[in-house]
Protein chains: 2
Amino acid sequence: MVNQKATNVTWHDGEVSIDDRRTLLAQRGATLWFTGLSGSGKSTIAVALERALMNKKKLSYRLDGDNIRLGINKNLGFSAADRAENIRRIGEITKLFNEAGVITLASFISPYREDRDQVRRIHQEIGLTFLEIFVDCDLESAERRDPKGLYKKARAGEIKNFTGIDDPYEVPNDAEIHLVSDKMSLSEEVNFIMDYLEDLNVLS
Amino acid sequence: MVNQKATNVTWHDGEVSIDDRRTLLAQRGATLWFTGLSGSGKSTIAVALERALMNKKKLSYRLDGDNIRLGINKNLGFSAADRAENIRRIGEITKLFNEAGVITLASFISPYREDRDQVRRIHQEIGLTFLEIFVDCDLESAERRDPKGLYKKARAGEIKNFTGIDDPYEVPNDAEIHLVSDKMSLSEEVNFIMDYLEDLNVLS
């Protein structure tokens, strides 16, 4: 089984550190948590930001409903307990990616303040950068956009407990970044976040 | 709120691709799944491999009991159902890291073939590299090492359902890499895996 070829592999003792990762990637890990109504533009901004980061040779990864609800959280529904567990697990995953040195974008309605604050807490208690990004869009505009036709279904009673219709959205009190998505262009939003990351020395 | 500074941020349309990540990192994502008895040496090898990868400027991240059982899986115990869910969630997380371009090391006893095969399946069905690494160590040697004192507790009846004592370990049938940990030195084991990764073009 053993067919030795490499003879020049060496290692130092000790585990790979956050500083090792920072030097390798020329960036710091960070979690950018996009919260807002369905249709507010969270994912559109996250996709564009990921592209802008890649153009600057920065490694990011984006978590959203597509890769979470169909994967690790496919055994969760939309009860209050399951919604909390959904956000808890996503928060634990962003923490792991952040520790790995990745700029981690999480794009979820995450309507409850307590759930978001808990995610913030598990990052900050071990010194990881966590930024809450409130993608602020009034319900009327979000419902007019309705990119997935979900508001229509919620109004027709086909979807229950839909945030903004028959379930609350708790506005962030202390988001690091507040984007008023019907007053800013997509490029303004992306530039704003990039500047913020530069100022925090995340990109170096 | 908006305080525009950057004016030079541009992006192309479209999402960041696996090829973009490969170019940026000069590596391909891969999942290296270390399975074996408690005390077989899984984590020791994974730690040393992570160091060797970093020395070659390759980005890896290591999942183990410390960052999983205390984090995302802290609401799981050791019943058969919880063990399966434990491995299922870890497998979904390795898949995400792998997609992000990271060489992902998972170090868990993972005693059941069906659970490991399911993790393999979710990787391979979307074309991600998955390598099962069997850290093969006979029970006698593992129990003699007993680095965490767990076998002693299991023999004393203080821990129930302990793999190798009163719970089975199902040996892999088709592991890509088979390390006989009491016949190879740590550097031989690490070099063997590094060669394997080179041959698969994971490191370029």
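This is a predicted model: local features need pLDDT of at least 70, side-chain atom pairs count only at pLDDT 80 or more; totals for chains, interfaces and linings use all residues.
The axes of H4(A) and H3(B) come within 10 Å and cross at roughly 155°. An angle over 145 degrees counts as roughly antiparallel. H4(A) and H3(B) are therefore roughly antiparallel to each other. The crossing of these two helices is right-handed. From H4(A), the contact draws on A:Arg89, A:Glu92, A:Ile93, A:Lys95 and A:Leu96. Their counterparts in H3(B) are B:Asn67, B:Gly71 and B:Ile72. By class, the residues of this contact divide into three nonpolar, two polar and three charged.

H4(A) also packs within its own chain. This helix covers residues 80-99 of chain A, and its partner there is helix H5, residues 113-124. The angle between H4(A) and H5(A) is about 25°, and their axes lie 9 Å apart. That angle makes H4(A) roughly parallel to H5(A), because angles under 35 degrees fall in that class. The crossing of H4(A) and H5(A) is right-handed. On the H4(A) side, the contact residues are A:Ala84, A:Ile87, A:Arg88, A:Gly91, A:Lys95 and A:Asn98. H5(A) contributes A:Asp115, A:Gln118, A:Val119, A:Ile122 and A:His123. Four nonpolar, four polar and three charged residues make up the contact of H4(A) with H5(A). A:Lys95 is listed in the contact with H5(A) and also in the contact with H3(B).

The spacing of contact residues can be read against helix geometry. An α-helix has 3.6 residues a turn, so residues three or four places apart point the same way. In H4(A), A:Ala84, A:Ile87, A:Arg88 and A:Gly91 are among the residues that meet H5(A). A:Arg89, A:Glu92, A:Ile93 and A:Leu96 are among those that meet H3(B).

The length of H4(A) was compared with expectation. At 1.5 Å a residue, its 20 residues should span 28 Å; the end C-alpha atoms are 29 Å apart, which agrees. After H4(A) comes A:Gly101, with a positive phi near 100°.

Chain A as a whole contains eight helices and five strands. From the N terminus on, the order of elements is α-β-α-β-α-α-β-α-β-α-α-β-α. Along the principal axes, the C-alpha atoms of chain A fill a box of roughly 70 × 40 × 30 Å.

The five strands of the chain A sheet are arranged in the order S2-S3-S1-S4-S5. The sheet is open, and its pairing is parallel. Strand S2 (60-63) and strand S5 (177-180) of chain A stand at the edges. Each has a single partner strand, so one side of each is left without a neighbour in the sheet. From one strand to the next, the twist averages 20°. Strands of a sheet pair through backbone hydrogen bonds, either parallel or antiparallel. S2(A) pairs with strand S3 (residues 103-107) of chain A in the parallel sense, over four bridges. Within this pair, A:Tyr61 has A:Thr104 in S3(A) as its bridge partner. Helix H2 (residues 42-55) of chain A packs on the sheet. H2(A) touches strand S1 (30-35), S2, S3 and strand S4 (130-136) of chain A. The direction of H2(A) makes about 165° with that of S3(A).

Chain B also has an open sheet of five strands, in the order S2-S3-S1-S4-S5 with parallel pairing. Its edge strands are S2 (60-63) and S5 (177-180) of chain B, and each pairs on one side only. The twist averages 20° from one strand to the next. S2(B) runs parallel to strand S3 (residues 103-107) of chain B, and four bridges join them. B:Ser60 has B:Ile103 in S3(B) as its bridge partner. Helix H4 (residues 80-99) of chain B packs on this sheet. H4(B) touches strand S1 (30-35), S2 and S3 of chain B, and its direction makes about 165° with that of S3(B).

H4(B) also packs against helix H5 (residues 113-124) of chain B, at an angle of about 25° and with axes 9 Å apart. H4(B) and H5(B) are therefore roughly parallel to each other. Their crossing is right-handed. B:Ala84, B:Ile87, B:Arg88, B:Gly91, B:Lys95 and B:Asn98 form the H4(B) side of the contact. B:Asp115, B:Gln118, B:Val119, B:Ile122 and B:His123 form the H5(B) side. By class, this contact has four nonpolar, four polar and three charged residues.

Definitions and conventions. Residues are numbered from 1 along each chain as its sequence is written. Chains are lettered from A and ligands numbered from 1 in the order in which they are written. Axes are lines fitted to C-alpha atoms, for helices over the stretch in contact, and angles run from 0 to 180 degrees between N-to-C directions. Angles under 35 degrees count as roughly parallel, over 145 as roughly antiparallel, 65 to 115 as roughly perpendicular and the rest as oblique. A crossing is left-handed if the near helix is turned anticlockwise from the far one by less than a right angle, and right-handed if clockwise. Two residues are in contact if their C-beta atoms, placed from the backbone, lie within 7 Å. Ala, Val, Leu, Ile, Met, Phe, Trp, Tyr, Cys and Pro count as nonpolar, Asp, Glu, Lys and Arg as charged, and the others, Gly among them, as polar. Two strands pair if DSSP finds at least two bridges between them. The expected span of a helix is 1.5 Å times one less than its number of residues.
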